[in-house]
Amino acid sequence: MRNTGCSKRDRFKEEIAISKGIRNKILGDNATGSSILSKFRMAVMLILFAVGVLAVFAFYYLPQEYSVKAGQVSTRTIRAAQDYTFEDTAKTTERRQAAADNVGEIYILDRRVMVEMENKIEQAFDSYYSTVRRDDLDTKSKIRILREEYSLSDVAASVLVNMESDTLKVLTAESVNLLRDNWNLGVRDFEVNEKKVKILNQIELLNYNSPYRDLIKAVFNKIELKPNYAYDEEATIKAKEEAAETESPVLITIHRGQNIVNEGEVVTAGQLEILEALGYQKKSPLISMLGFALFLALWLVLTGYFIKYFCRETYNNEQKLIILSLTVFIIALLSKLILSVNISDKADSAALVGLLVPIAAGSMIITIILDSRLAIYITVVLSFFLGIMSDNELMHTIYAFICGLVGVYAVSKFKQRLDWVRAGLFISIAGIVSIAALGLMNGASLNIILFGMGLSIINGFFSAIFAYGSLPFFEHAFKITTSVRLMEMANPNQPLLKRLLLEAPGTYHHSVLVGNLAEAAADTIGADSLLVRVGAYYHDIGKLKRPYFFIENQV
């Protein structure tokens, strides 16, 4: 009987185990299916978020296109949408060409040419001396040969036919010196005839008798004079290229808000080049968009790891991730819309439009709904976004980061409505100080600093108003309770609390007392005192069903 009982109990245990296994398997399958569905929804949300942010930045990178051509009349005034510095290629080419033209032609002194001509002079005199010393010729024949070969007159030939060797050496040396004096510094090809005429004139000034001067002239006429200062084309080209490369490019700086073309003005080629550089003519933005897509992908990966390790509750809550994505997208879109507004006709003042972007509003929304640590991280990211959209303006990035941090601190301990006013005031003060500091560091004028301070005040209170006004939409759309909603629930004018006061006054006073005690305890241990107080107010709300059943409501 015991064995039978044991076997029944064993079978019963086995059946329970089997039932549990089946149940766990079903639940496990359901959990797996739910996990897959959740991952699919998250992937879709991530793609939509990335596409949305890319679309916002596409309006920044996509160039505005105005169909104007050089020589046409512009139908509108075109202003620069950003600060931009670019190279004026035409003027750069002109400057470099002028530098190259200033480099003269490079010549190389070839001393071998002069040595060759000196040898020819000596050979000419030796040939002359050989003729007059020939024993097989009589005097008349020698004179005839000298007259024909050296173009000498009969008188000169008659004198020179009897010249001694010492005299010949003197004439040879004199001729070589004349050549060296004129060719030593170099003679170019177009200067040869000029130098030859000069030598012939110098011979006339020599202190020799006419026949000897005629002989020297005859020798210079007999030999071929060559240039010894040769043009080096390769060295000249290289020198011109080096001179052109040393010239810096001509840069043109266009300031934000500056008029490029006025309405009714004939567009010049220079203005058209500026428009093309600024991207107003058709230009592919794909390279810039690809760069930002890489930046966005890197940011998404880093953000995922940050939320996973430091904001685990948000990471596991699909609804909170949607709120985070939506907040970032709204602030990015709002940034683009504000930056597209021209707030002043002056370029310096118009460039400060980025100070109106309410980055602090996003920081406060995330702090109240999600987490203050996550809000600080997103403040950094949104500041980077603003810096990119404001033409990499570092001042706007620093300003947005400071105001965002102050916004996080201002609402991290939110207890009453007056805290919104205080948050706007703190953001404005932080913005004023940062603008003053950055303006003084950059040497900005007093008018620009004061104008920036005025924009900072507007930004501070607008951020507080925008954040406060956005919270009801998030609360109702995502069915969440924020500190603002808790504060509204703690208002004695709430219908339910008013009923409690009128129908169960004892319970009401008891709840208020418990709320005060609980709030003090929560403050002591660092808990959410507002949540504790509201919970205490409503913890006995069920007594409204039969308030007279409870002694505190009985008279």
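A crossing of two helices is left-handed if the near helix is turned anticlockwise from the far one by less than a right angle, and right-handed if clockwise. The legends describe a predicted model, in which local features need pLDDT of at least 70, side-chain atom pairs count only at pLDDT 80 or more, and totals for chains, interfaces and linings use all residues. Residues are numbered from 1 along each chain as its sequence is written, and side-chain values use heavy atoms, with hydrogens and water left out.

**View A. Helices α22 and α23 cross in a right-handed manner.** Helix α22 (residues 505-525) packs against helix α23 (residues 529-538) at an angle of about 160 degrees, and their axes are 8 Å apart. Axes are lines fitted to C-alpha atoms, for helices over the stretch in contact, and angles run from 0 to 180 degrees between N-to-C directions. The two helices, α22 and α23, are therefore roughly antiparallel (angles over 145 degrees).

**View B. Helix α7 passes helix α8 in a right-handed crossing.** For α7 (residues 192-204) and α8 (residues 210-222), the packing angle is about 170 degrees and the axes lie 9 Å apart. This makes α7 roughly antiparallel to α8.

**View C. A nonpolar surface patch covers about 810 Å².** Among its residues are Leu418, Phe426, Ile429 and Phe461. Helices α18 (418-442) and α19 (446-478) each supply at least two residues of this patch, and α18 gives the most, with 6 residues. Ile429, found in α18, counts as partly exposed at 43% relative accessibility (between buried, under 20%, and exposed, over 50%, with a 1.4 Å probe and protein chains only). Patch residues have over 30% relative accessible area and no salt bridge, and nonpolar side chains (Val, Leu, Ile, Met, Phe, Trp, Tyr) are joined within 5 Å. A salt bridge is a side-chain nitrogen of Lys or Arg within 4 Å of a carboxyl oxygen of Asp or Glu.

Key. Patch = residues over 30% accessible without salt bridge, like charges linked within 9 Å, V, L, I, M, F, W, Y side chains within 5 Å. Areas by Shrake-Rupley, 256 points an atom, 1.4 Å probe, with all protein chains shown as cover. Helix = DSSP H or I, 4+ residues; strand = E, 2+ residues; numbered from the N terminus. Parallel < 35°, antiparallel > 145°, perpendicular 65-115°, else oblique.
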